[in-house]
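Please look over the sequence and the model shown here before reading the short report that follows.

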Amino acid sequence: MRFWGILSLATLAVAAPAAQGTVQAQEADINSNSGRAAAIIEAFRHSWTGYKTYAWGYDELLSVSNKGGNSRNGWGASIADALSTAILMRQRDVVHDCLQHLSSVDFTKTSTEVSLFETTIRYLGGLISAYDLLTGPYADLVSWHDKRLVKSLLTQAVVLADRLSFAFNTSTGIPYNNLNFSTNSSSDTTNGVATIGTLVLEWTRLSDLTGDPKYARLAQKAEGYLLDPHPSLGEPFPGMLGTDVDISTGQFRDSSGGWSGGTDSFYEYLLKMWIYDQSRYKNYLDRWVVAVESTIKNLLQTPEKGVTWVAEYSSANMIRKTEGHLTCFIGGNLILGGTLLGRKDIKQAGIDLTDGCRHAYSSTPSGLAPERWSWDPAGVPVKQSVFFIENGFYATSSGYYLRPEVVESYYHGYALTGDPKYQQWAWEAFLAINRTARTPSGFSSITDVMQENGGGQDDFQESFWFAEVLKYLYMIFEGGLAVGVKGGRNQWVFNTEAHPVRVKLV
Ligand SMILES: *[C@@H]1O[C@H](CO)[C@@H](O)[C@H](O)[C@H]1NC(C)=O
Ligand SMILES: *[C@@H]1O[C@H](CO)[C@@H](O)[C@H](O)[C@H]1NC(C)=O
Ligand SMILES: *[C@@H]1O[C@H](CO)[C@@H](O)[C@H](O)[C@H]1NC(C)=O
Ligand SMILES: *[C@@H]1O[C@H](CO)[C@@H](O)[C@H](O)[C@H]1NC(C)=O
């Protein structure tokens, strides 16, 4: 999950007594891959048990106060997000619980505003992915009389997409993002590059699964404005875009952007659409290559020996020396595309950028990267001047919100280079999270990675903790999964919420 939404719930950490998660497989050697995979499953079950006990059916567990939160329309976001991970981990009981719930949700009703983007990547992506997995290599996880629940995953995806479709009913076909289900309208006048450009994989897959082309048509029409941006201020560097697009004209409004929140997963999906169907989406790949070459030329910075960062921009001649945790998926994305295209320069840039994000983890007292940081010597806060001299960057926003992007890049690094250092780094990240973010009922975002204990817990367990962090960690240690990324032809592609989608077979 990318884009910039952060829910800041400022409740502080007073751990309430809670049921302990199932402790299992702790006997296995923690230095072996299978022992580490078992430890990740233990963390998953710990979170799941807390969610099931205190927040079942809610979108997420408030993991300190042991209550339910509804930040995603109350349809059970954690269930939609946990399912594909539970399938890969082969947790039959969890799979069964998820299927039961998802078949009974009424996706046509909600009392709160609906984000087209978040709903697409979490719910639609989760439903479609589980359908692909459970009608494919993981079909054995479902008993004969639960097969109808698998079918209902696709039915529910159709109900949801049909209900969301009015978002695209604008003069340009660029959708609104913030939807009001009681009026079927929106007050949006602009939409962003990430929220327009991170729909196309899910909506195209839905068309291919149902044989009804209307879903793909809607998302691809919107995407067209990003593949051919106007006016020129919307493309300050070749392939690298501004952020906001006017919904009524299709024209870009600004030149600011980069690989960070608000634009990020648009670039991710350019590559992934081509992986999804190389015969139909070569033009997406071409745009990805232009964007990446332009990034390497204009935005990569190496101020410290061995540390590579990627900068953001306000316009072509105003570069900002700042990066965030969200951006750290870029390493994995470049390693993936560079490998598939046989482009050593792109792959190496991905490796270097992943090293940079690892540096942001290994330098801090908690062992986790801050939400945002900078390497601009002009803005160093006095409190961090020593840290800056020693490490070459400083935090500008210091929470950690259970974000996945760094372990996502480690996963791609490990899968596509085989270098075991990525496994070691992933394990260190897991231990740091387990040490600072674990509560008696689950895991929680933390307030300050610049303190060894993480500064305190925020009482929020994001649904993407289940979908992304735990899945990428698990896959790093559990070889032989049917969905893994490969250097050659891939059978699966991960949506931005880490839900694996089956590629279109020709
Ligand atoms: C939807 O629109 C109605 C009518 O303008 C308004 O009363 C309501 O608060 C809106 N709902 C949301 C969730 O924004
Ligand atoms: C699209 O919007 C127009 C008004 O802007 C409305 O008349 C029409 O019914 C809408 N169509 C759908 C399918 O929502
Ligand atoms: C909104 O659309 C749904 C169908 O998608 C329909 O059932 C409902 O009546 C519509 N509401 C309004 C206010 O148009
Ligand atoms: C994670 O934390 C729990 C609770 O402190 C602990 O029991 C468990 O051993 C930890 N896992 C690892 C792999 O260190």
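The report below takes up a ligand, a helix and some annotated residues in turn.

## About the model

This is a predicted model, in which local features need pLDDT of at least 70 and side-chain atom pairs count only at pLDDT 80 or more, while totals for chains, interfaces and linings use all residues. Residues are numbered from 1 along each chain as its sequence is written, chains are lettered from A and ligands numbered from 1 in the order in which they are written, and side-chain values use heavy atoms, leaving out hydrogens and water.

## Around ligand 1

Ligand 1 is surrounded by Ser111, Thr112, Glu113, Asn180, Ser182 and Thr183. Taken alone, ligand 1 exposes 360 Å², of which the protein buries 40% (areas by the Shrake-Rupley method with a 1.4 Å probe). A polar side-chain atom of Asn180 lies 2.2 Å from an oxygen atom of ligand 1.

## Helix α2

Helix α2, which spans residues 77-88, has 12 of its 12 residues buried (under 20% relative accessible area, with a 1.4 Å probe and protein chains only; helices are DSSP runs of H or I with at least four residues, numbered from the N terminus). It is followed by Arg90, whose phi is positive, near 60°.

## Annotated residues

An unreviewed UniProt entry places the feature "active site" at Glu118, Asp264, Glu371 and Glu405, although such annotations may be inferred rather than shown by experiment. Glu118 is found in helix α4 (residues 116-134) and counts as buried because its relative accessible area is 5%.

Glu405 is found in helix α14 (residues 405-417), and the side chain of Glu405 makes a polar contact with the side chain of His325 at 3.0 Å (a pair of N or O atoms within 3.5 Å, where within protein one must be able to donate a hydrogen and the other to accept it, and residues adjacent in sequence count only if both atoms are side-chain atoms).

Terms used. Near = heavy atom within 4 Å. Buried < 20%, exposed > 50% of the residue type's maximum accessible area, 1.4 Å probe, protein only. Helix = DSSP H or I, 4+ residues; strand = E, 2+ residues; numbered from the N terminus.
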